[in-house]
Amino acid sequence: TECVSGCMCPDGLVLDGSGRCIPKDQCPCVHGGHFYKPGETIKVDCNTCTCNKRQWNCTDNPCKGTCTVYGNGHYMSFDGEKFDFLGDCDYILAQDFCPNNMDAGTFRIVIQNNACGKSLSICSLKITLIFEVCLELIITEELLLEGRIQEIDTDPGAEKNYKVDLRGGYIVIETNQGMNFMWDQKTTVVVHVAPSFQGKVCGLCGDFDGRSRNDFTTRGQSVEMSIQEFGNSWKITSTCSNINMTDLCADQPFKSVLGQKHCSIIKSNIFEACHSKVNPIPYYESCISDFCGCDSVGDCECFCTSVAAYSRSCSRAGVCIDWRTPAICPVFCDYYN
């Protein structure tokens, strides 16, 4: 009925935040703290989302599952559950020889942590892959130094359903059924499984059914509240001892402070573009813990592994961070290529 002080738009139009009036269907969409114009697309996992009238319209493609193990017993399951588990035995990381798989099993991945020095920190892994074709691959750091992978074939006439490749610093094993295995030849293992494995796998990596709350399902098919009990249920043999997780920084305040200084790169502006998409705090805390587990302060491999793990998670979320420098965890790509 009378004039009102302030900036207003005509009926049917709204302010865009920059002093202009636009139709409502031209309003942007928001993702990860960033604004996107109508018609713009983003990648979320294996799906594409398009901004339309302030809402995201996304494709509904089934995505592959990814399980990651890195550093001093840090796990991220196929369904995204993060937990820490440390043991001194052989454990089933992932397999499809499971009660909930009506099909014949095709693979089993067994890992063994090898502790180093006086602490409980992990230096390297021994990895055994067992396939349906009566074939067993054994990979250790010592074997790789000899330039080979030990292969035990109980049926030489069977057709091999896998291939081994060296990509950069990674050993990559791919099966015809859609299981891909990557190892950085240190303490990081990444397992990819095709969507066809959904709900058909089991082990420390979980069952890949889209629900993280049942990821701690034991070998006896019960859901365990204790991570330690869950992990111990996947031991290959019951004779080896159980290890209880300890705070490696508790009696090393100097290392803890130094670890916080080094690991702060994860929370710094270098990774700022990723912070809204992948929570940096669990990776930061893992980094400090691993840093305290290193025998010598100058040994930065523990630190590099944790930062690289966060960088990989950012990359999967669609944010590629160029964080390595000649002074910080360098990788000599020219040599590997």
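Which helices do the buried residues of H3 pack against? Select helix H5 (281-293) and helix H6 (301-316) in this predicted model: the buried residues of H3 pack against these two helices.

**Helix H3**

Now select H3 itself, residues 253-263, and colour Lys255, Ser256, Leu258, Gly259 and Cys263, which are buried. Turn the view to look down the axis of H3: its buried residues fall within an arc of 170 degrees, so they line one face of the helix. Next pick Pro253, Phe254, Val257 and Lys261; these exposed residues sit on the face of H3 turned away from its buried side.

**Sheet E5-E6-E7**

Move to the three strands of an open sheet, ordered E5-E6-E7 and paired antiparallel. Strand E5 (41-44) and strand E7 (55-58) are the edges, each pairing on one side only. From one strand to the next, the twist averages 35 degrees. Select strand E6 (residues 47-52) together with E7: four bridges join these antiparallel strands. Within that selection, Asn52 stands opposite Gln55 in E7.

**Thr59**

From E7, go on to the loop between E7 and strand E8 (65-70), where Thr59 is found. Is Thr59 buried or partly exposed? Thr59 is partly exposed, with a relative accessible area of 37%. Show its surroundings: leaving aside residues up to four places away in sequence, Thr59 touches Asn47 and Thr48. The side chains of Thr59 and Asn47 make a polar contact at 2.8 Å. For Thr48, draw a C-alpha to C-alpha distance to Thr59: the two are 5.7 Å apart in space and eleven residues apart in sequence.

Conventions
Residues are numbered from 1 along each chain as its sequence is written. This is a predicted model: local features need pLDDT of at least 70, side-chain atom pairs count only at pLDDT 80 or more; totals for chains, interfaces and linings use all residues. Side-chain values use heavy atoms; hydrogens and water are left out. Buried means under 20% relative accessible area, exposed over 50%, partly exposed in between (1.4 Å probe, protein chains only). The arc is that of the directions from the helix axis to the C-beta atoms. Contact means heavy atoms within 4.5 Å. Two strands pair if DSSP finds at least two bridges between them. Axes are lines fitted to C-alpha atoms, for helices over the stretch in contact, and angles run from 0 to 180 degrees between N-to-C directions. A polar contact is a pair of N or O atoms within 3.5 Å; within protein, one must be able to donate a hydrogen and the other to accept it, and residues adjacent in sequence count only if both atoms are side-chain atoms.
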